[in-house]
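Could you walk me through this structure? I'd like to start with the sheet, then move on to the charged side chains.

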Amino acid sequence: MIKVITYGTFDLFHEGHYRLLQRAKALGDYLIVGVTTEAYDKTRGKLNVVDSLTTRIENIKKTGFADEVIIEEAAGQKFNDIKKYHIDVFTVGSDWVGCFDYLRDYCKVVYLERTKNISSTMLREQNSRIQRIGIIGTGRIAQRFIPEAKLVSGISTQGVYNPHEESVREFAGKWEINGYTDLDEFYETIDSVYIASPHETHYGYIKSALEHGKHVLCEKPMVLQKAQAEELFEYAEMRGRILFEGIKTAYCPGFTRLLGIACSGTIGNIRNVEACFTKLEKPDSRELTDLSFGGSFTELGSYVMFPVLKLLGENIEDIRFDSIRDERGLDLFTRAVMTYPGNMGMATVTCGLGVKSEGRLLIAGTKGYIVVEAPWWKTSYFEVHYENQDEVEKYSERFLGDGLRYEISDFLTMINGVGKSGFKLTRSESITLAGVMEEFMRCARKSMDFDIRLK
Ligand code: C2G
């Protein structure tokens with residue numbers, strides 16, 4: 001008798017799980033399925049397992065493929081199970097290729113091709129809450145999305161779109177998803193999109209995705225003009241779809257905690273915010289070669305502006321930009337200085353792609369201050385200080401992986417509760433951010449024209 005074993009969370013049971021178990025069973029005579037506990041999934045970085053262990057086990061039993069179900073409680077258990085149950089074949093989906101090769105000394109290891117498409121019919125029949133998502137863009141950020149999305153229950157990454165055939169083929173092949181160069185075909189297989197294309201293309205893609213009835217998660221900066229942001233949010237609302245700007249910091253648990261503390265009056269009234277984020281980029285990177293939309297403020301400005309809007313509000317009285325630009329006019333380092341009405345608050349943000357500085361967030365209040373060292377944009381630790389230097393409160397929060405999983409999870413929560421603007425980054429804050437980007441670009445153009453006139 002050939003004994004086969006496979007493992008998984010099997011949350012929100014779907015076609016991909018069903019097909020995996022069906023083929024696993026076909027590899028032998030007796031199939032054992034190991035189901036992960038919530039505690040183990042937490043240590044694996046999975047964020048929001050929805051179904052209880054009992055429900056997940058019941059769903060597996062219902063398929064009729066499992067001869068025995070066991071519980072997987074910890075890393076390293078597979079090795080022992082294989083010996084304990086005299087396993088001949090270990091199998092798992094191809095999204096794990098290479099990860100379990102170490103078991104080859106003890107049994108045969110088979111990676112079964114993962115299911116690329118989960119059909120809408122099956123999801124409808126089961127009244128499933130799974131969102132089938134597609135990615136627009138194949139760059140660096142898009143690459144980070146797939147492994148992070150895998151750790152969020154209720155989302156299945158199905159396809160990728162890029163007008164350039166070669167890029168799409170390479171990306172789709174690497175991540176085992178479908179590749180499209182035709183936008184309409186791409187939309188047919190999904191419920192929502194993640195837009196990770198160059199900044200200036202966001203507006204067009206958001207509009208077309210909403211037109212096709214998709215929910216949209218768009219990388220920052222969502223758009224570079226206030227009127228465009230207003231138009232898109234209205235359009236999304238009209239169509240009953242979610243439009244969500246992905247500024248990672250907004251959704252990470254540490255930053256939410258920091259906001260709670262900062263706004264509770266612990267440091268008194270907040271009067272000054274300073275935020276700095278620099279990231280040296282290679283000279284041939286898009287950020288440093290795209291003369292129209294590249295540069296440090298369009299790239300990093302959303303991050304540094306975000307805490308300012310959260311802590312001091314959107315009612316900026318005055319904003320002034322100063323940049324150090326290269327010979328082509330691209331901003332390598334930018335500083336924005338803001339004041340708030342009634343002399344009640346001010347802020348200075350700096351960001352750079354060609355100048356390195358200490359990345360820090362400093363929030364000064366009438367009773368004390370909060371400091372978050374780099375990488376504050378992935379907040380996991382911060383301190384509250386007071387006049388008495390011995391009095392320091394220290395706070396730590398978990399920040400898992402690349403952190404994108406938090407925003408993906410919040411995006412899903414918004415979809416499931418449709419139509420509400422999330423409090424972590426409101427519609428109004430996104431619109432204000434687009435307005436700040438617009439103002440920066442207007443000032444940058446003006447000062448570049450001025451420089452040209454001087455020459
Ligand atoms: N799967 C698939 N096609 C999909 C989705 C999932 O073939 N579209 C497969 C996975 O590759 C895995 C199984 O279904 O073999 C269960 O998937 P998950 O519930 O996501 O569990 P996973 O995190 O992959 O756990 O110890 C746990 C195992 O290592 C795998």
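Let's settle a term before anything else: two strands pair if DSSP finds at least two bridges between them. Strands (E, at least two residues) and helices (H or I, at least four) are DSSP runs, numbered from the N terminus. Keep in mind that this is a predicted model, where local features need pLDDT of at least 70 and side-chain atom pairs count only at pLDDT 80 or more, while totals for chains, interfaces and linings use all residues. Residues are numbered from 1 along each chain as its sequence is written, and side-chain values use heavy atoms, with hydrogens and water left out.

Now for the sheet. Six strands make up an open sheet in the order S8-S7-S6-S9-S10-S11, with parallel pairing. Its edge strands are S8 (178–180) and S11 (243–246), each of which pairs on one side only. On average, neighbouring strands here are turned by 25° against each other, direction ignored. (Axes are lines fitted to C-alpha atoms, for helices over the stretch in contact, and angles run from 0 to 180 degrees between N-to-C directions.)

Look at S9 (residues 192–195) with its partners. With S6 (residues 131–136), S9 pairs in the parallel sense over four bridges, and isoleucine 136 stands opposite isoleucine 195 in S9. S9 and S10 also pair in the parallel sense over four bridges; there, tyrosine 194 stands opposite leucine 217 in S10.

Two helices pack on this sheet. Helix H9 (residues 202–211) touches S6, S7, S9, S10 and S11, and its direction makes about 165° with that of S10. Helix H15 (residues 404–416) touches S6, S7, S9, S10 and S11 too, at about 155° to the direction of S10. Contact here means heavy atoms within 4.5 Å.

So how enclosed is S10? Five of the five residues of S10 are buried, so the strand is largely enclosed by the rest of the structure. Buried means under 20% relative accessible area, exposed over 50%, and partly exposed in between (1.4 Å probe, protein chains only). His215, Leu217 and Glu219 point one way from S10, while Val216 and Cys218 point the other way.

On to the charges. Side chains of opposite charge can pair when their charged atoms come close. A salt bridge is a side-chain nitrogen of Lys or Arg within 4 Å of a carboxyl oxygen of Asp or Glu, and by this rule the count comes to 26. One of them joins arginine 286 and glutamate 299 (3.3 Å, N to O). Arginine 286 lies in helix H13 and glutamate 299 in helix H14, so the pair ties together parts that are 13 residues apart in sequence. Arginine 286 counts as partly exposed at 31% relative accessibility, whereas glutamate 299, at 5%, counts as buried. Both belong to a network of salt bridges that links Arg140, Lys279, Glu281, Arg286, Glu287 and Glu299.

Aspartate 290 sits in the loop between helix H13 (286–289) and helix H14 (296–312). (Lys and Arg count as positive and Asp and Glu as negative; His and the chain ends are not counted.) A polar atom of the aspartate 290 side chain does lie 3.1 Å from the backbone nitrogen of serine 292. Leaving aside neighbours within four places in sequence, aspartate 290 is in contact with Glu200 and Leu330.

Notes:
A polar contact is a pair of N or O atoms within 3.5 Å; within protein, one must be able to donate a hydrogen and the other to accept it, and residues adjacent in sequence count only if both atoms are side-chain atoms.
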